[in-house]
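Colleague: Please walk me through this model. I will ask; you answer briefly.

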Amino acid sequence: MLKEWDLIPTIPTKDIDKARRFYEDVLGFAPGREDPQGIEYRSGSTRFLLYPTEFAGTAQHTLLGWNVDDVETTVKELTNNGITFEQYDMPGIKTDANGIAETEGVKGAWFKDPDGNILAIGEFGRKGG
């Protein structure tokens, strides 16, 4: 039933203006549709919605992840834009000094937006969908 429809991931924010500056100025997204429910952005062939809510930043898991060609290069570019990558040391995942972990040949790195939402980049070997 739902498998034929596109997904639009939603990212919560308590301060839409601050989040907007982050997603546009730091990550480089251009705003699309805007209305009182939020701001829509396009990433590759997909979209995501930034929406205001008092519950932003409460999720303790990754909300969005981008499949990139080269994690090391992307981490360096985002670090140059002011992003700080998370450091993890737990069973099954340990990041290096740059915040990159490799598990079973898959590389990944995690960072947070201004609301504390966890975002990720990963190198899965195939870009796009």
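**Surface, fold and strand pairing**

Modeller: The accessible surface of the protein comes to about 8,400 Å², and 51% of it belongs to carbon and sulfur atoms. Accessible areas come from the Shrake-Rupley method with a 1.4 Å probe; for residues, only the protein chains shown count as cover. This is a predicted model: local features need pLDDT of at least 70, side-chain atom pairs count only at pLDDT 80 or more, and totals for chains, interfaces and linings use all residues. Residues are numbered from 1 along each chain as its sequence is written, and side-chain values use heavy atoms, with hydrogens and water left out.

Colleague: In what order do the elements of the protein run from the N terminus on?

Modeller: Helices (H or I, at least four residues) and strands (E, at least two) are DSSP runs, numbered from the N terminus. The protein has 2 helices and 10 strands. Their order is β-α-β-β-β-β-α-β-β-β-β-β.

Colleague: What radius of gyration does the protein have?

Modeller: The radius is taken over C-alpha atoms, and the globule rule is 2.2 Å times the number of residues to the power 0.38. For 129 residues, a compact globule would have a value near 14 Å, and the protein agrees with that at 15 Å.

Colleague: Is Val71 buried or exposed?

Modeller: Val71 is found in helix H2, residues 71-80. Leaving aside neighbours within four places in sequence, its contacts (heavy atoms within 4.5 Å) include Ile100, Ala109 and Ile121. Buried means under 20% relative accessible area, exposed over 50%, partly exposed in between (1.4 Å probe, protein chains only). Because its relative accessible area is 0%, Val71 is buried.

Colleague: How far apart are the C-alpha atoms of Val71 and Glu123?

Modeller: Glu123 is also in contact with Val71. The two are 52 residues apart along the chain, yet their C-alpha atoms are separated by 5.9 Å.

Colleague: How many residues of strand S3 are buried?

Modeller: S3 covers residues 38-43 and has antiparallel pairing with S2, residues 31-35, over 3 bridges. Strands pair if DSSP finds at least two bridges between them. S3 also runs antiparallel to S4, residues 46-52, with 5 bridges. S3 is mostly covered, and of its 6 residues the buried count is 5.

Colleague: Which residue takes a positive phi in the hairpin of S3 and S4?

Modeller: Arg42 stands opposite Arg47 in S4. The hairpin has 2 residues between the strands, and the phi near 65° belongs to Gly44.
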